[in-house]
Amino acid sequence: MEQTRRNFITKATLGVPFATLPFSLTDQKKSTQNIFSPKKGDIIVFQGDSITDSSREKVYELPNNALSFGEGYPFIAASELLFNNYKKDLQIYNRGISGDKVPQLYKRWEKDCIKLKPSILSIMIGINDFWHVKDNKYDGTIEKFEKGYRELLKITTSKLPNIKIMLCEPFILLGTAIDKSWPNEFSKYRKVAKNLSIEFNTIWVPFQDSFDKALKEAPVSYWAPDGVHPSMAGSKLMAKTWLEKFNSIE
């Protein structure tokens with residue numbers, strides 16, 4: 001009985017012309033004709049902390065590889081880019097590392113960014129530069145955050161003058177790990193990141209704004225239960241926001 005059913009499904013599917021199927025690569029391409037199109041051979045790198053890391057493997061760190069991307073917004077965004085640009089030979093890496101602050105990013109920048117020679121770089125950093133101060137694991141300050149972040153961007157633009165940079169807004173929600181004392185203080189870190197984006201003429205990815213709007217539709221437990229690390233839905237929201245800004249690159 002099962003074999004008969006399987007044969008029927010196979011024959012039915014094969015009997016439908018490709019153009020009439022509910023989904024096709026052609027249809028998908030038509031919907032993206034008016035957006036930014038990466039160049040053939042572009043190298044795209046995601047950088048950041050645990051939100052970007054998303055439990056990825058860190059032994060092989062392969063481009064375009066599901067295990068090397070983890071389960072968060074970089075995987076969703078990269079999958080979309082690879083699907084829509086299958087003739088472009090894109091090389092997309094995730095080099096985020098859980099727990100990182102700007103100083104850790106700086107120490108591994110040559111290996112995990114410069115040597116990869118990205119043409120497009122996305123950076124998501126800032127939450128730990130504040131969080132680890134709050135839990136007394138780090139003696140950082142807002143000034144240290146700004147100075148280190150600026151130096152990182154100076155090095156990047158100096159060594160890779162043609163690079164396009166996307167600076168992602170660090171965000172927090174009032175979840176299980178975040179109390180009401182956080183937003184006012186953390187807004188200073190968000191402001192620094194935004195000002196650096198303007199200073200270095202980068203693409204700004206407004207994650208805080210996206211989550212604030214999403215909270216009108218569903219509670220924080222749906223998007224990012226602890227207020228920092230996104231759920232499946234939260235990761236999809238981040239990828240959608242990121243891709244919208246990626247598509248605005250000129």
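## Helix α13 across the sheet

Helix α13 (residues 232-246) lies across β1, β3, β4 (164-168) and β5. It runs at about 165° to β5. Axes here are lines fitted to C-alpha atoms, for helices over the stretch in contact, and angles run from 0 to 180 degrees between N-to-C directions. Contact means heavy atoms within 4.5 Å.

This is a predicted model: local features need pLDDT of at least 70, side-chain atom pairs count only at pLDDT 80 or more, and totals for chains, interfaces and linings use all residues. Residues are numbered from 1 along each chain as its sequence is written, and side-chain values use heavy atoms, with hydrogens and water left out.

## The chain as a whole

The chain has 13 helices and five strands. Both are DSSP runs numbered from the N terminus: helices are H or I with at least four residues, strands are E with at least two. Of the 250 residues, 48% count as buried. Buried means under 20% relative accessible area, with a 1.4 Å probe and protein chains only.

Take the contacts between residues at least 6 apart in sequence. Of these, 76% join residues at least 24 apart.

## The sheet

Five strands form an open sheet, in the order β2-β1-β3-β4-β5. The pairing is parallel. Two strands pair if DSSP finds at least two bridges between them. β2 and β5 (203-205) stand at the edges, each with a single partner strand, so one side of each has no neighbour in the sheet. From one strand to the next, the twist averages 15°.

## Strand β1

Is strand β1 buried or exposed? Five of its six residues (43-48) are buried, so the rest of the structure largely encloses β1.

β1 pairs with β2 (residues 91-94) in the parallel sense, over four bridges. There, F46 stands opposite N94 of β2. Five bridges join β1 to β3 (residues 120-124), and these two strands also run parallel. Q47 has I123 of β3 as its bridge partner.

## The second largest pocket

This pocket has a volume of about 210 Å³. A pocket is an open set of points on a 1 Å grid over the protein atoms alone, where a 1.4 Å probe fits, with protein on both sides within 12 Å along at least five of seven lines. Lining residues have an atom within 4 Å of a point. The volume is the space filled by probe spheres set on the points.

The lining includes T157, P161, K164, F200 and E250. By class, it has six nonpolar, three polar and two charged residues.

How values were computed. Buried < 20%, exposed > 50% of the residue type's maximum accessible area, 1.4 Å probe, protein only. Nonpolar A, V, L, I, M, F, W, Y, C, P; charged D, E, K, R; others polar.
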